Amino acid sequence: MRVARGNLLESTREAFARLGGRLAAVILIFVVLGLASDVFLTQNNLLNVLRQAALLFLIASGLTLVILTAGLDLSVGANLGMSACLAASVLKATGSPFLGVLTGVASGLATGLANGLLVTALRIPPFIATYGMLWVLHGLSYYYMAGDTIYGFPPGFREIGSGYLFGLPVPIYLMFVFLAIGWLFLERTTWGQEVYAVGANPVAARLSGVPVRRRLVLVYTVSGGMAGLAALVYLARLNSAEADIGEPLLLPAIAAVLIGGASLFGGVGTLGGTLIGALILTLVLNGMNLLEVNANWQPLVTGAMVLIGVLLDMWTRRRAEEKS
Amino acid sequence: MTCAEQSSGAPLLALHGIGKQFPGVRALDAVDLDLYGGEVHMLVGENGAGKSSLIKILYGAYRADSGRILHQGAPVEVRSPADARRLGIAVIFQEFSLVPFLDIAQNLFLGREPRGRIPGTIDRARLHADARRVLRLLGVDYDTRRLVHTLGVAQQQMVEIAKALSQNARTLVMDEPTAALSENECEHLFKVIRQLKAEGVAIAYISHRLREVFELGDRITVLRDGRLVKTLLPADTNPDELVELMVGRRIDASYAREYCGRPGEVALEVKDLATDTGIKGVDLVVRAGEIVGLSGLVGAGRSEVARAIFGADMPTRGEVRLFGARVAGGPGEARRHGVALIPENRKREGLALILSLRDNLLLAALFRLFPRTWFDSARATRVAQEMIERLRIATPSAARLVRYLSGGNQQKAVLGKWLNAGCRFFILDEPTRGIDVGAKAEIFALIDGLVKQGAAVLMISSELSEIVHVCDRAYVMREGRIAGELGRDSLSEANILRLAMHEA
Amino acid sequence: MHHRVHELARRLAALPGVAYILVLQAIVFGSVAQGFLSPLNLTNIGTQATILLMLALPMTLVILTEGLDISMGAVLTLCSVVLAWVLVHGGGIGLALAASAAMGLAFGVANGTLVSYLGMPPFVATLGTLGMAQGLALAITDGQSIVGISAQIAFMRADVLGIPLVLIIAFVAYFFVHALLYYTRFGTYVFAIGGNREALALAGVHARAWHAGVYVFAGLMVGITGLLLVARTNSGHPTAAFGMEFDAIAAVAVGGTSFERGEGWLFGTLLGVLAVGVMRNGLNVAGVSSSLQVVAIGLLVIAALLIDALRRRA
C-alpha cells in the first residue's frame, strides 16, 4: 500500500506540472473576477460555479475518453436531452428515483453503444456517425416530447442535483467520484493504457495485439453513459425536462476537453485537465454573466475557445515534431 | 563496338560525378550517367544501389551534393520538378500524378488548361482536341472523356506517358514500368517506347527484369553501393555477368554468426498462402533455433507475407500454422501464440511516438503481465527499466517520449516490446534499416542470443550481405511467389539475385 | 458521347437509385397522401427545396475536397438576420443583400483560412465558426425575430412567366455551379484537391488558395441565400436555418458524392435535394411531425453511407 500511495503522490505532482499553466489561468481569472465584481466571491456564486463546472465535467469526462482515441462524439448534447426526457417520463410515471436513474443511464449507454458500432462495424468516420446520431436523437426527442415540458420530480431524486452534503452541492461529490473512477480507469487499468495507445497510433496498437475495435466501442459507450448520468443531474437541478435541454451543452463540453489540454489527434490528455478546462470555461461564462454581458454572446465565446484550443494543440504538436 | 564508338554526338543529358549524402548514408558517390537521344539507357543494381536516388536527382526531387548536370552540353541546375520540366525531363509515375475522377483530357493538361473566352473558364473543345492529338501520337485512341479511375493500370500508364509528351519531354524517366503489366500490355509499352526512340527521345529505364534489359536496352549502367560499376552495351555482356557486377558489396563482418546446428520444433508452417495484397501461393517453414531469411526485390511481396502470417492482413487462401496450431485471426491471436512482428516502418507501425518508452515497451505485454486488468504502474516501470538495461537502450529515463530516441534505440524499443510479451518466434522486416553500424551489430547480437535460446526468426532484408552472413538459409521471393530456397551451401549474393530477378 | 452515356448509366445503376428512391417516394406518397401529386404540391416541393439546393450546391464542392462545412445553417441564419436588420433600419434591398452576402463571405474566408492555411480539420473548424455565427445571430436579435419587412420582401413571391421567382433563382444557381464545376479551372482543381492533391503540386498549382476558395464560395452562396430565407419566413429569426446543413449533407451524400477521393457529380446533388425535399414534403402531407422527419433523413444518410461503403468493397 505504501507503494500505491507513493504513486498517487507522484502522479499528482506530475499532473500539477503538466497542468501548471492552466491552473495559473484559473487563479488569474479568479483574481480578475474577484476584483471586477462584488458578487463573484460570494458563497452562493462560488458554489454555483462549482456546481456548473461539475455538471460540465460529467459530460465532458466521457467525451475526453473518446477524444483520447482521436475520435469525437458530437451526440453528447442530444444524448443528454433524450436521456433526460426518457428518465423524466419514467420518474413521473412510476415515482421511483431508482427507475428514473436506471432509465437515464441505460438510454445514454444505448446511444453510446450505437455510436461505437457505427464507428467500428460500419467504419463510418466518428464525426459523421455521431453527427448523424445527433440529429436522429434531436428528432426523436422533439417528437417524443411534442413540445411539452415534464416537471415536478420526487424530492429524493432532486437531491442529486440540488441537494447539499456537508455544505457542498451534491454534483461536486459526483464530480470527484467520477474523476477518481476515470483516473483509475485511465492510469491503473490495462484498458486505459490501451485507449491511449489507440489514440496515439491505432496501427501500431493493432499490430501490437491491442483489440482496437473493442476499445473504441468501450469509449463511445462510456461517453454515452456519462451523458446519461449528466442528464440525471441536470434533471434534478432544473426539476423539469424539455426536448432541447441538451443542445447548448455540446460546444461547452468540447471546449472543456480541448482547453484541458487533450488533443483532437489522440493520445494526449487527462481527466484532470478536462476538469480544469470545465472550470475555466464556467468561470469565463460566469464572469460574463456577472459583468452583465449579453448572454447571447456566450456561444460565440465558447466557439472561439474551441478554435483557440485546437490551434494551440496544433501549434504544440508542430513544435514537438520539429524537436524530434 | 565500345560505348564511345556507338554514341553519335553529345548526350542529350549528362550527369557527371554526382554525389548525394544522407545522414549516415552515402547514397551516391561520383556517378556518371549519359543519356543519349533515341536510346533506352537501362539502370540496374540491387536494392539500395542508388538507382532511385539518381533519378530523383534527375527530375529535381533531390539536389545533388556534388557533380554537374549538363543539358545538351551546357551546365544546368535542376532544383525542382519545375526545373526538370523546363529542361524537358519527365518522369512516369505509377500512382502519383493522376486525379481519379477527372477525365483523361483534364489529367493530361492539369494546370495548363487552354483558356476559354470568359476568364477562368476552360475551352473544353480545345482541351479534348489537344488530348486526342497527343494520344494519337502514342497510337492510342481512348475516349478522352473517360474518367481516369475507369482505366486499367496499363492505360493509366499510357496517360502518364502522354502527359509527359504533351509537356514536350525529350527525356523520359521510367521506374519499373512493367511491374504491374500483363504480357500483352508489356508488348504494347515496348512498341511505344521504340516509337519514342525513333523520335529521338532519351529514356532512362530502371528495371529488375533481365529479359527486358537485354530486349529493350541500348546501354546498361550497373550501380552498386552508390557507385558506378560499369556502363556497357548489351551486345558486350550477358545476364550472368550483370549479376556478378551487381553483387559483391563491402562486407561488414562485425555481425557474422556462428551456427548452432540443430533446429528444433517447427515454429511456422505456411502452405499455399495467397492474399489480395499480391501473394500468389507461398510455402514456408521456420524452425526454432534458426534464422531464416526472406529475400527478394522490393515489391516481391516479402512484407505482405510477413503481414499475412502475423494476421495483419487476411489471407484469401492457404493455411498458417504457428507452433503447430492453425491460426486464422488477427495480430492478437498471433501474439497469444508467441509470435512477434517487427515491422518495416517502425515509426508508423511499430511505435506510438507520442507515448513514453515505458508505455511502448509494455504495449504488447499488458495482458500477460497484468492478466486481471489492474495496471500496476510501479511494476510496469520496473519491467520497462529491466528491458532498457537488458537491451542497453540509450535514454535518460523510461518516461522519455519515444519520438526523441535515435533510430537504433527505437528499433530496440520495438524489439523490447515483444520480448516483454514473451514471444518465441520473431518476424523481422528490415530490422537494420536506417540504423548506424554500431547499433546494427548490437541488434544482430541480440537476435543471435535469442536464437541460441531457442527462438525462431524469419528475417526480411534487402541487404544481400546481411542475408548471406546472418541467415541459416533463405527463401527468395519474386512477384508474389517463392522463386527458390537456398540452403547453407548455396547461400550467396549472386544466387539470391539470380532467383530474385527475372531469369531462367 | 457514348462514354458519357455509359458514365450516366453506370452511375444510375450503381446508386441505390436516387432516381429509384424518387420514383418509390412518388408512388408511396402519391397513394398514401391526398393531393401529394397535385401540381400545387409539386410546385410547393420545388419552392421549398430551393433553399436546400442553394446550400447543397456549394456543399457538394466542399465535400468533393474531402471537407465538410457544418457552419452553413448557422451562417445562413446569421445572414438572414443581418439582411432583415438592414431592411428594418431603413436600408434598401440592395444594401441588405450586400450586407448579407458580405457576412457570408466573411465566414467563408474564416473557414477557408482555418482549413486550408492553418490546416485545421474541416469539421472542427466549421464547428467553431458555427458556434460563433450562432452567437452573433443571437446577439443581434437578442433572441427575438425581426419582423415588419413583409412589404419590402414581397417581391420575392412574384411569378415570372408563371414560374415562381425563387425556382428561377435556384435553377440559375444550379447552372452557374455546374458551369463552375465542369467548365472552369476552379472546378477541375476542386476534384483534384479531393482526388490527388500531389498531382496539383506536381503540376505547379498552388492548391491552398483554391482550397480556401471553395469555402469562400460556399460562404458567398450562403450569404445570397439569406434573401431566400427571409423571403420564406418573412422575418429574420435567430434559429431559422438551424440544422439545414444536415439536410444539405444528406442531399449530397444520397446523391452519390463520396466523402473521400473527390468522387461525385452535381446532378446527383440535385436529385438528392429532390429526394430529401420529397421525403420532407411527403411526410408532412402524411402528417408525420417534423422531428421524426429528421430521424428519417438521418437514417437515409446512414443508408447512403453504407451503400457507399459496400460499393467500394465490391
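This is a predicted model: local features need pLDDT of at least 70, side-chain atom pairs count only at pLDDT 80 or more; totals for chains, interfaces and linings use all residues.
Chain C as a whole comes next. It has 14 helices and two strands. The radius of gyration of chain C is 19 Å, close to the 20 Å that the globule rule gives for 314 residues, so chain C is as compact as a globular protein of that length. Along the principal axes, the C-alpha atoms of chain C fill a box of roughly 55 × 50 × 35 Å. Of its 314 residues, 54% count as buried. If one takes the contacts in chain C between residues at least 6 apart in sequence, 78% join residues at least 24 apart.

Chain A can be described in the same terms. It contains 13 helices and four strands. The box filled by the C-alpha atoms of chain A, taken along the principal axes, is roughly 55 × 50 × 45 Å. In chain A, 56% of the 324 residues count as buried. Of the contacts in chain A with a separation of 6 or more, 79% are between residues 24 or more positions apart.

Chains A and C also touch each other. Here 28 residues of chain A are in contact with 33 residues of chain C. On the side of chain A, the elements that give two or more residues are helix H5 (126–145) and helix H13 (298–323) of chain A. The largest share, 11 residues, comes from H13(A). This side of chain A has 19 nonpolar, eight polar and one charged residues.

Chain C has a contact with chain B as well, made by 20 residues from chain B and 20 residues from chain C. The residues on the side of chain B divide into 10 nonpolar, five polar and five charged.

Within chain B, six strands form an open sheet in the order E16-E17-E18-E13-E19-E20, and the pairing is mixed. Why is one side of E16 and of E20 of chain B left without a neighbour in the sheet? Strand E16 (339–342) and strand E20 (481–486) of chain B stand at the edges and each has a single partner strand, so one side of each has no neighbour there. From one strand to the next, the twist averages 20°.

One pairing at the end of this order can be followed in detail. Strand E19 (residues 473–478) of chain B pairs with E20(B) in the antiparallel sense, over five bridges. Val476(B) has Gly484(B) in E20(B) as its bridge partner. Helix H10 (residues 302–310) of chain B packs on the sheet and touches several strands of chain B, among them strand E13 (291–296), strand E17 (425–429) and strand E18 (456–460). The direction of H10(B) makes about 150° with that of E17(B).

Note on methods:
Residues are numbered from 1 along each chain as its sequence is written. Chains are lettered from A and ligands numbered from 1 in the order in which they are written. Two residues are in contact if their C-beta atoms, placed from the backbone, lie within 7 Å. Ala, Val, Leu, Ile, Met, Phe, Trp, Tyr, Cys and Pro count as nonpolar, Asp, Glu, Lys and Arg as charged, and the others, Gly among them, as polar. Two strands pair if DSSP finds at least two bridges between them. Axes are lines fitted to C-alpha atoms, for helices over the stretch in contact, and angles run from 0 to 180 degrees between N-to-C directions. The radius of gyration is taken over C-alpha atoms; the globule rule is 2.2 Å times the number of residues to the power 0.38. A residue is buried if 20 or more other C-beta atoms lie within 10 Å of its own, exposed if 12 or fewer, and partly exposed in between; C-beta atoms are placed from the backbone.
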